[in-house]
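Please read these notes with the structure open beside them.

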Amino acid sequence: MLYTSHAPMAPLADFVEYFWALSDAPAHAQERIVPSGTLELVVNLHEDVVRIYDPVDPTRCRRFSGAVVSGAYRSYFVIDTREHASMVGVHFRPGGARAVLGLPPGELADTHVDLETLWGARARRLRERLCSARVPVERFRILEEVLLASLRATPERQRAMHFALERLGGGSNVGDVAAELDLSRRRFIELFTADVGITPKLFSRVRRFQRTLAMAELPPVPDWPQLALECGYFDQSHMIRDFVAFSGFSPAAFLRHRGAPVKEHHVALPGDDG
């Protein structure tokens with residue numbers, strides 16, 4: 001797998017974390033994509049289709065056009081790496097997609113949508129330009145140009161959402177964050193879910209899962225009970241439940257599958273797991 005990424009400059013950097021491009025299918029046939037707490041815009045350069053496979057029944061898939069937006073998911077979904085052998089994409093910051101896509105991310109929770117549904121003919125022109133470009137740096141320039149042209153004024157509450165994202169990502173309680181913003185718990189959950197795509201409680205769980213995974217991948221071999229407590233879980237069983245919910249694997253099994261080179265938030269499935 002050949003993978004390249006690029007961080008955009010301001011003002012787009014406030015909404016987009018990075019652009020990415022990959023080519024060459026890896027040895028494994030499928031990958032699970034686990035929740036990241038945000039959205040992605042993805043373009044298949046090889047064929048004008050994106051297939052998303054059912055995690056329970058891998059023979060079933062949903063078909064989309066070659067340019068799609070992936071909403072914030074509560075659990076994992078599956079892709080065929082051979083069908084995604086030449087891709088380019090945009091990884092938005094949590095809460096950042098609305099300013100570019102033009103609709104609340106809460107409307108895209110747990111689903112994919114054709115970019116053409118949101119942008120009309122602009123989506124087709126974007127994919128055509130990306131397919132014509134020869135190298136990743138040129139594709140990143142095209143993405144940055146198009147996204148900058150699509151950038152809209154953000155709601156006044158955007159600064160408050162940035163504060164909430166930072167506090168929740170660090171493990172703060174939902175009720176405490178709502179109180180700090182002088183909002184009722186119900187109103188805060190409503191606004192956060194619309195702007196980010198998932199509830200604040202789920203966002204906190206996803207970020208804790210990602211922090212735990214990052215720490216577990218550092219040497220030496222993790223002491224799972226101790227790591228669970230350090231990352232804010234009640235105990236090891238609590239941590240295991242989150243890993244299974246988000247990835248379908250226990251923590252130890254997840255690490256074994258992460259031995260193969262994959263994109264961020266992806267985990268390889270060997271043939272007998274597909």
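1. Strand β4 (residues 40–44) and β7 run antiparallel and are joined by four bridges. Strands count as paired if DSSP finds at least two bridges between them. In this pairing, Val 43 stands opposite Ala 67 of β7.

2. The model is predicted: local features need pLDDT of at least 70, side-chain atom pairs count only at pLDDT 80 or more, and totals for chains, interfaces and linings use all residues. Residues are numbered from 1 along each chain as its sequence is written, and side-chain values use heavy atoms, with hydrogens and water left out.

3. β7 also pairs with strand β10 (residues 112–114), in the antiparallel sense, over three bridges. Here Val 68 stands opposite Asp 114 of β10.

4. In a regular strand, side chains alternate between the two faces of the sheet. In β7 (residues 67–70), Ala 67 and Val 69 point one way, Val 68 and Ser 70 the other, and all are buried (under 20% relative accessible area, 1.4 Å probe, protein chains only).

5. Helices α5 (residues 158–169) and α8 (residues 200–216) pack at an angle of about 50°, with axes 9 Å apart. Leu 165, Leu 168 and Gly 169 of α5 make the contact with Pro 200, Phe 203, Ser 204, Arg 207 and Arg 211 of α8, where contact means heavy atoms within 4.5 Å.

Note on methods: Axes fitted to C-alpha atoms, helices over the stretch in contact; angles between N-to-C directions. Helix = DSSP H or I, 4+ residues; strand = E, 2+ residues; numbered from the N terminus. Buried < 20%, exposed > 50% of the residue type's maximum accessible area, 1.4 Å probe, protein only.
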